[in-house]
Every structure is written in structure tokens, then in C-alpha cells.
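Here is a short report for a reader new to this structure. Start by looking at the sequence and the model.

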Amino acid sequence: MRSGRTEVLLGNGAIARGLVENGVRVVTSYPGTPASEVLAEVIRFRAAMGLDPSHDSGQALYTEWSTNEKVALEVALAASMTGLRAAVAMKQAGLNVAADALLNAAYTGVVGGLVIVVGDDPGPHSSQTEADTRLFALFAKLPVLDPSTPREAREMVGEAFRLSEQFRLPVLLRPTTRVCHAVQNIELGTLETLGRSPHFKREPARWAATPRFRYGLHVELNEKLKAVEGVFEASPLNSTTRMSNAATRIGIIASGVPFVTVLDLLDELGLDMPVLKIGTPYPLPRRLVADFIARYERVLVLEEPDAAIELQIADRRKVSGRLNGTVPGAGELSPEVIYSLLARVLADGGLAKLPPAPTEALDAAVAALKLPPRGPRLCPGCPHRSSFYAIKRVFGPQAILPSDIGCYTLGLNLRGVDTCLDMGAAISMADGFYQAYHLDGDRRPIVATIGDSTFVHAGLPALANAVHTGARFVLVILDNGTTAMTGMQPTAESALLADGRAAQPLSLEELAKACGVRFVRRMDPYQLGAFQALLEEAGRYVRAEEGGIAVVIAERACVLYDPLPVCQHPVPVTVTEACDGCKYCLVAFECPALVLNVAAGKVEIDRRTCIDCGQCIEACYKGAIVPLADEALARAHGPAEVVL
Amino acid sequence: MNARVIVAGLGGQGVLFASRVLAQVALAMGDDVIGSETHGMSQRGGQVVAHLKIGPYRSPLVRKGTADLVLGLDATEATRHLAFARPGGLCCVNVPSGGWMAGEEVSALLDTLGISLLQVDADRIALECGGPAVANVVLLGFATAHPASLFPAEAVAATLQRISPPRFRDLNRRAFERGAEAAQRHETL
């Protein structure tokens, strides 16, 4: 049902809209690019449609930012076992964390529809891997839908719920970054009223199945998948277009974003080539695909980020894709890449010679300029910068610095990060580095850094392990009060939940102490001198005979999340004549607001980006960065801006 | 309307807001719109680019050599995305008063391809308007005032007013108008 109202939605918003319109009652998530916006958009639509838990509508919708993806999936799964529709959203790396729950849920199955939204990141743009969740679906033996646009993603949510309830299986919806973060005008639909109440029906042979029963569930799962494949053979989610050109000898199979990219390209080039769109990569409708391939001499397979469809084609003699090296094995299939693939395949077949892109020479000339890539950096005033600066000062170049996933990975730029593997690994790797060096009696400092949200996500088991096995290192928990990198979601310490209701805030100190840590201290890293002294004390504790792991909680709000503390106590600075352009501050402090004036051979403050945190005063050991005197302040800023 | 647009800049410069204004203009005119945004890590001061396609398109990505309009909020990022412009297309770039530094070869190729490169010191104008953060709106005003613009200036101005948060409405209107004035001065040069 259509409401008649149209909005430009982010792909994640379109997915959220689909969830709410289809009567979802429980939605959980852990933030991770590109899937972070799904839950916030669910909360927005929920409010607009009067589905807040405070309303006694019989359709109330519960949401939560869970502590990690495994927890999120299990919460949603249990809700589905009561017969309600449930969904969980995460990024592809999160599915690794939730893998155990996922693989088991494939066997137990569900009652109410369960849709698992997993954002993949071909490129990668904001991820550690280009993992393909469709291959994960194949591994877990679960159906997966692969949308090409936000609009289709919204439609697929409904299809996923129906499929999930028909076959009592969790169903994966796998958008990629260019769907999650695409924008498109979408006509909003209305709420499907299901009128269900939670009712958990005991069935121990399923919900508490022991290995003896698991065999039977596996047989059942295989039968379900066979039936799902049958449904997919005739599903409108798979379709052929541009089949009129009988003369062509080349066909294209495409899914996800490459499907719409190739359609726009064929339009632009005025080419008529048959395309089989696959919206259901697993289980692959093998007869449909084989029939399509049979019609042509060669078939190009375009899919992201890996080869899930191609891998399921038994006879690949006519198939060109990633597996035979035609399509690059890594990176995004951008319009430019697909253009060059089409050009090559058409030229190989003696069919057509595509002209070079009209701005190819310009592109080459720009490339020849070798413009430096501008990677992300910690913001001016970021408290993590102060923490990393202090860690480097106190522990020196010998220290090993394992870190983790979050904004603070950008501590790389200050040489404050030696490793970044996955969520929580800072602590377990600090443990491992300690154990390895300890074998040789080498007691070099090891300082791990981890964010507040990441610590609760996967750091707790690692910390318990490290304490229990007697590892020694300093752990700095960078507590900025929010999940900053993914868009300021609340953490387990927050007093408010995702939807603004009161939460039971957890204490990082108590969590660390509960893991057995006896040295737990909290300090604002902006107090650079005292913070360095605290780190020194922590280092002494780690080395002391009766010592152990020292936890230092560096507490200071993210300046984007809460700029007020800096605004209320600005410390504007200036660079004096004493600056000799040595660049120490640029390397060691690495603030975007410190810039080198090449002509003058001096460092300057970039007033457009500087937020007057005053932290760089400590970063010049020659004393050339000083607080701006009041009268000088008046001159530099003008009277209007002195009042901050 | 049928238009393909690239907006390029750095995190914090308002790339997404500028492209969302144009998307809302298309929506108000009853056109289909699809595009792609940059979120996540690269937003921390890194490269941010938005693609926008208005008309009967299905893919969110603009192919190099096909954009009618390239908006550059930062000179380096604009240069990096110049080859997205189509022959005869328009590039409007926020350039500090020092001027353009893309080199002779690039300039010659732009001439050959008939790509108009228009520069404006949007940062300075934004500061004069009372907020360095509105350089994106200055650039929008500048680009839509150009005779080659596919976006009607009145529609963009009206949409900008409609979707601006109330406390930025006046500032944004001033910035948009000052950008348009700068474009008109270009015309008389």
C-alpha cells in the first residue's frame, strides 16, 4: 500500500522503511559503516507512525543498539521465536562476530520472519576487508537477497519476511555501500498490521537441539534450501532485460550495484545486450542461469565484491568473471571498470570497438599531477590526539602499540598505532605481544588503545583472558562518550538508549575491575602533564613485582559530539617568532589546524579549522606555540568573535 | 530535468548538504533522483564526494566524462574530479584568491573539451556572510546563477530555504545570493 508521500531516502533509510512497513516489532544493531543508519531510521519512522513502545498500539516496535553483533542477532532471533517479525543490521565484519549465532539459527530456523541486514563494502571504503556476505550465506546455508538500489532494497525487505516465514529460515539482505549510502526518491508505503502477540512455543528438539537432533535439522535445512531455489527459479527478483537483440553472441549476468551500472552504461552507449539480473544469489536459481548461458557464446558475470554467483555455476566454460581473471579480483566495479570490461569483451568477440571515455586524456593529465590522497585525520581538538601524544612521549619509540577499530585508528598518523586487526584485538594482541617477548625476558612497554564502545563490544573477554594469564601491559580506554566514527551512537556507558529512553549506564571502571584489573584510573587527557604522569605511574605498576595490567580511562567527550567544554573554555593559541619550522609539531601532534607556511618557513594556525583547544601548546618543545594574549586575541579575531 | 552532478570536497565542508539541496530540487520538480554519498571514516577531514543523477537513471554513480556539473568545494578535490565533467560541461570551484594551480596541460585539455572552469573564492565570501561553513551554499548560488546551469536558480533558492534549519535560513539565503552575484560579475568580465 502506498501512502502517496515521497521522500529522498538513504538506502539504509529505505531498508528501515521496509522493515517498519512490514510490521517488524524488534530491531537490533551494532553500528558499522555502511549499515549504521538503519536503526536510527527505524526509530525515526517508528515515531512518525506512532509505534513507540510508550504507545499502547499493539504494534509497538522495540529497538536497541546492542553491545555487539552476536548479541544483536540473538536478541532478534529470540523475538522471532515468539512469532514476532524481527530484524538485525550490521556491517559485514559484524557478521563474523555473529557467525556462531547465524550458523546455528540456520538449523533451528525461526517462527516470525527474521531479516538479517548486512552491509558489504566493495572498495573497501570503510572496512578492513572486502568480504562477501553472499559467500557467508552459502557457508551458513541461508538465502540471501542482493538489492541494486534503495528502492529495490525496500521491496526486498517484504520479500525477505515472506520467505523467512514461509520456510522458517532467517533471510539475509545484503546491500553494498552503494546501496546503503545511495539516495533515491521513494514513495512511502503504509504499515502492514499483523496483529501478532509474542508466544514462545516450547520445542526442545529444535530450540535446544543436541547433536542427535541437529542431524535431522540439517536434513530439513537442505530440503528447505531446495524448495527456496525452486521459488527463486520463478521469482520476479530475477529477471531478463534487453533480450530482443537475437544477433548478439554475448550475454551479461549481473547482481547488486553492477546490474544498474551496466544498465545505465548500455543506455549511454546505445548498446543492446541481454542482461540476466540475479536478485537471489543464494541459493542460485541454477536452471534459470544455465538456460540463459546456453543462449550465448560468452557470458560476462558482474557481481560484488566476490564471485558468489559464478562459483555456483557448474559449467563455467562460457563464463567470464572473477574466477577466470576477466574481472578484477579486488576493488569496486565502478562504471569505469565495467566500461573497460565491456569494451574488452566486445572487442574479443569482434563485435564492437567502444570509443575511449571522452575525458580519458584529461583523466590521465590529472593523474600525472600526482595529487596527494587526503586520508582521514583526527579532528582538531580530538581528545584521542592528546592521549596518543602523551603515550608516545611517555613510552617512547620502543613501545609496541596495538590499537583497535574506531576513530582512534587514525592515531596511525601520530605513529601511535602499530596494529589494527578487528574489534577488541588491541587487548588480546597486547596480551600476545607480552607473552611472546616475555619468553625472551624482554620487558619493553606495551600500550594498547581501545575505544569505549569497542571495549564493551569485544574487549571484555580479551581483558579477562589477559588478567587471568598474567600478561602485563597498559591499556588506555579512550572514553569519548560516544561511538564517534559511525555517527555518534550511544555506548554502554550512555545514560540514554538509542531512542532517548533512560538506560542503565555501565561503569568502565567496574567492568575493568570485574575482569580482575587492580589498577584502574580515570583522567582527562587534555590535562597533558598530569595525564603523562598517570601513564608513567601505570607503566611503573606494570613493571612492579606485585603489578599487573594497568587500565587508564582517558575521559574527554568527542569534540563533534559535545563541543561545549571547549567552547566554554577556549585556549586560543598563536605561533611566535621562536618557530623555526622544524615541523616537530606537525609530525608528533598532527593536527589539521597546524599548517606549514612554506614561504615563511613557519608553522601557522589555520583559523578556519582550529577550535581553540590549546592542546598544541605542549607540542612545541621550543615554546613557540603560546596562548594568545587578550589584546592580540582581539586583533586576530575581531571583537565579535572574542566572545566565545 | 536530466542532470548528472559531482560534488567534491573534504569532510566537514558540507558536500552532502549541497548535493541534498539539488536532490530536493529534483524531487520538488517531480523528477527521479538517485545518487551516492560518502559516509564513515573518510568524513573525518578526508575526501568526500557525492554523485547525483536526475532523470531516468538506475545507477547511483556518475561515470567519468558524463557529468553536466562538477562542484568543487576544495581546489585539490575539484582537480581530482575534473575528468568526471562531460565535454561542454561546467565546473565551479572554490579557489582561494591565489587562483588555479592545475597546470597548463589540464587547462589546455579543458579548453579542447569545452569544459568551462569557473573559480570563485567561496571561503572568503562565506566569511563575509558571517560563517565559514556556508562556502558550500555560496558555491551553489554561484553555479546555479550561471546561464549553463541546468538547475533553475529560483527553485534552488526556494528549496534551500525550505530544508535549511531555521537558525541557518538567513545566513544561507545571504550566502546563496552572494554566490549568485559573484557569478554575474564573472559574466561581465
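Buried means under 20% relative accessible area, exposed over 50%, and partly exposed in between. The model is predicted.

**Cysteines**

By these terms B:Cys129 is buried, at 5% relative accessibility. A:Cys567 is partly exposed, at 42%. How many disulfides are there over all chains? The count is 0. A disulfide needs two cysteine sulfur atoms within 2.5 Å. A:Cys567 is in no disulfide, and its nearest cysteine sulfur belongs to A:Cys613, 12 Å away. For B:Cys129 the closest cysteine sulfur is that of B:Cys92, at 17 Å, which is too far for a bond.

| Cysteine | Nearest cysteine sulfur | Distance |
|---|---|---|
| A:Cys567 | A:Cys613 | 12 Å |
| B:Cys129 | B:Cys92 | 17 Å |

**The interface**

Chain B and chain A meet. The contact takes 54 residues from chain A and 51 residues from chain B. About 4300 Å² is buried between the two chains, and carbon and sulfur atoms give 60% of that area.

Charged pairs cross this interface. The rule finds 9 salt bridges between chain B and chain A. B:Arg63 forms a salt bridge with A:Glu268, with the closest N and O atoms 3.1 Å apart.

Which elements of chain B supply at least two residues each to the side that touches chain A? Among them are strand 1 (3-10), helix 1 (15-28) and strand 5 (85-94). Helix 3 of chain B gives the largest share, 5 residues. The residues on this side of chain B divide into 22 nonpolar, 14 polar and 15 charged.

How values were computed. Residues numbered from 1 in each chain as written. Chains lettered and ligands numbered in written order. Predicted model: local features only at pLDDT ≥ 70, side-chain atom pairs only at ≥ 80, totals over all residues. Heavy atoms only, no water. Buried < 20%, exposed > 50% of the residue type's maximum accessible area, 1.4 Å probe, protein only. Contact = heavy atoms within 4.5 Å. Buried area = accessible area lost by both parts, 1.4 Å probe. Salt bridge = Lys/Arg side-chain N within 4 Å of Asp/Glu carboxyl O. Helix = DSSP H or I, 4+ residues; strand = E, 2+ residues; numbered from the N terminus. Nonpolar A, V, L, I, M, F, W, Y, C, P; charged D, E, K, R; others polar.
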